[in-house]
Amino acid sequence: MDAVTGVKQDPDGTGESNADKVTKRLQKRHRTRLEDVERRKEAKESESVAEEKSGYFLSTFNAERASIEELASSCAGADRAAVTRTLEEATAKMLQLQKFLSDSVAFLTQYDLRTAQADLQKLQRTLAETREEGLPKKKFGFRARSKATDQASAPGGSGSATSPAAAAAAAAAAAAPSGNANPGAAAAPEQCGFSNMDGVSLTKTAEEIRKRDVLLTHLTGCRVRLFGSPSTLHLKHIDGCEILCGPVSGSVFVDRCRNSTLAFPCQQLRTHNATDTRVYLHVTSRAIVEDCRGVSVAPFSWSYPTLEEDFLASGLDRGRNNWSEVDDFNWLAAGTPSPNWTVIPEADRKTDWDACVEGQ
C-alpha cells in the first residue's frame with residue numbers, strides 16, 4: 001500500500017510529490033507573468049521617454065528656428081555693420097541648431113528628422129538671401145575708371161579737342177593699378193581684388209587690402225598672394241589656383257572652387273560647392289562646408305615677414321585654431337564622419353610655399 005502510494009506521489013523518482021510539482025509550476029508561471037508585466041512596463045516607459053524627448057526636441061528646435069528667422073528679418077533696412085553683426089549671430093545659432101539636430105537623431109522619427117533637415121536648408125537659403133541683400137557685393141573701381149576714361153576722351157563738340165583737365169583725369173585713371181578701387185569712385189571705396197584672369201601670378205600688398213573686402217572671381221590656374229589683413233575674403237569660380245592670404249579679421253566665403261589649394265587664417269569659413277580642394281586653415285570659430293566633396297584640411301602653414309603684425313591687426317586669437325572642426329550641413333549622421341571632407345595626412349601637407357614673391 002505504501003509502495004503504491006509512493007509511486008503515485010513520486011512517479012518520476014525525483015523525491016517530490018505531485019503537490020510540490022504543481023506548486024513549482026504555478027510559481028514559475030507567476031514569475032513569467034511578472035516578468036512579462038515588467039517588460040511591458042519598461043517598454044511603455046521607454047516609449048514615453050522617447051515621446052518626451054521628441055516633444056522637447058520639436059519645441060526647442062522650432063523656437064530656435066523662429067529666433068534665427070527673426071534675426072534675418074531684422075536685417076531689413078539696417079546698415080552694413082548691423083547686418084554683419086546680426087548675420088554672425090544668426091550663423092552661430094545655425095551651428096548650434098545643426099548640432100542639436102545631430103545629437104537628437106537617435107530618438108527622432110524619420111518624418112521629424114526629414115522635416116528638421118528641410119527646415120535647416122530653408123534657413124540656410126534665407127540667411128544667404130539676407131546676406132546678398134544686406135551686404136551686396138560692390139563693383140570694382142576699374143569699371144568706374146573705364147567710364148571716366150571714355151567720358152574724358154569723348155569729343156566735347158563738333159571739331160573741339162579734349163580739355164587739358166579732362167585729358168589729365170583720363171591719364172590718371174588709366175595709370176591707376178588694375179584691380180584696385182578708385183578712391184574717387186563712391187561705388188566701391190572698400191573692395192578690391194582680381195577677376196577674369198588665367199595662368200598669372202597676382203599679388204596685393206598690405207596697404208592695398210588692409211580692412212577692405214577682397215573679391216577673387218573667375219580665376220583659372222592663377223597663383224595669388226595677399227599680404228596683409230583684409231576684412232573679408234570672397235572666392236568665387238576658382239579653378240586650379242593656389243591662393244594664400246594673410247589673417248582675415250572676419251569671414252571667408254568660398255563658392256564654386258575646384259582643384260585648388262587655399263591657405264588663410266580667419267574668424268569664420270563658409271564653403272559651398274567646392275570639389276577636390278585643399279584648405280590650410282586657421283579659424284577661431286568652426287568651418288562650414290555645404291554641397292562639397294573632396295575637401296581636405298590642414299593647419300595654416302604659410303608664412304611671410306609681416307604675418308605676426310597682420311595677426312595683431314586682424315584681432316584673431318593666434319592660440320585658438322579649430323582647423324579640424326568642420327561642420328558639414330549635408331551630413332547629419334551622428335557619430336559618423338562626413339565623407340565629404342578629410343584631414344590631410346602630415347606627410348602630405350605642404351610646408352614650402354615659396355612665399356618670397358618678386359617685388360615683396
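**Which strand gives the most to the lining of the largest cavity?** Strand 9 does, with four residues.

Figure 1. Residues are numbered from 1 along each chain as its sequence is written. In this predicted model, local features need pLDDT of at least 70, side-chain atom pairs count only at pLDDT 80 or more, totals for chains, interfaces and linings use all residues, and side-chain values use heavy atoms, with hydrogens and water left out. Helices (H or I, at least four residues) and strands (E, at least two) are DSSP runs, numbered from the N terminus. Of the 360 residues, 39% count as buried. Buried means under 20% relative accessible area, exposed means over 50%, and partly exposed lies in between (1.4 Å probe, protein chains only). The accessible surface comes to about 19,900 Å². Carbon and sulfur atoms hold 52% of that surface. Areas come from the Shrake-Rupley method with a 1.4 Å probe; for residues, only the protein chains shown count as cover. A contact means heavy atoms within 4.5 Å. Among contacts between residues at least 6 apart in sequence, 43% join residues at least 24 apart.

**Figure 2. Strands line the largest cavity.** One cavity of 30 Å³ or more turns up in a search of the whole structure. On a 1 Å grid over the protein atoms alone, a cavity is a set of points where a 1.4 Å probe fits but cannot get out; a pocket is an open set with protein on both sides within 12 Å along at least five of seven lines; lining residues have an atom within 4 Å of a point. The largest cavity holds about 50 Å³ of space. Grid points are joined across faces, edges and corners, and a volume is the space filled by probe spheres set on the points. Its lining includes Leu 269, Thr 271, Val 279 and Val 326. Strand 9 (268–283), strand 10 (287–290) and strand 11 (293–299) each give two or more residues. By class, the lining has eight nonpolar, one polar and no charged residues. Ala, Val, Leu, Ile, Met, Phe, Trp, Tyr, Cys and Pro count as nonpolar, Asp, Glu, Lys and Arg as charged, and the others, Gly among them, as polar.

**Figure 3. The largest pocket has a volume of about 660 Å³.** Its lining has 26 residues. Gln 124, Ala 128, Arg 131, His 272 and Glu 290 lie nearest its centre. Helix 4 gives the most, with eight residues. The lining divides into eight nonpolar, seven polar and 11 charged residues.

Figure 4. Asn 340 counts as buried because its relative accessible area is 16%. The structure holds zero disulfides (pairs of cysteine sulfur atoms within 2.5 Å).

**Figure 5. Ser 74 lies in the loop between helix 2 (18–73) and helix 3.** Ser 74 is partly exposed, with a relative accessible area of 41%. Cys 75 is buried, at 6%. Ser 74 and Leu 87 are 13 residues apart along the chain, and their C-alpha atoms are separated by 9.9 Å.
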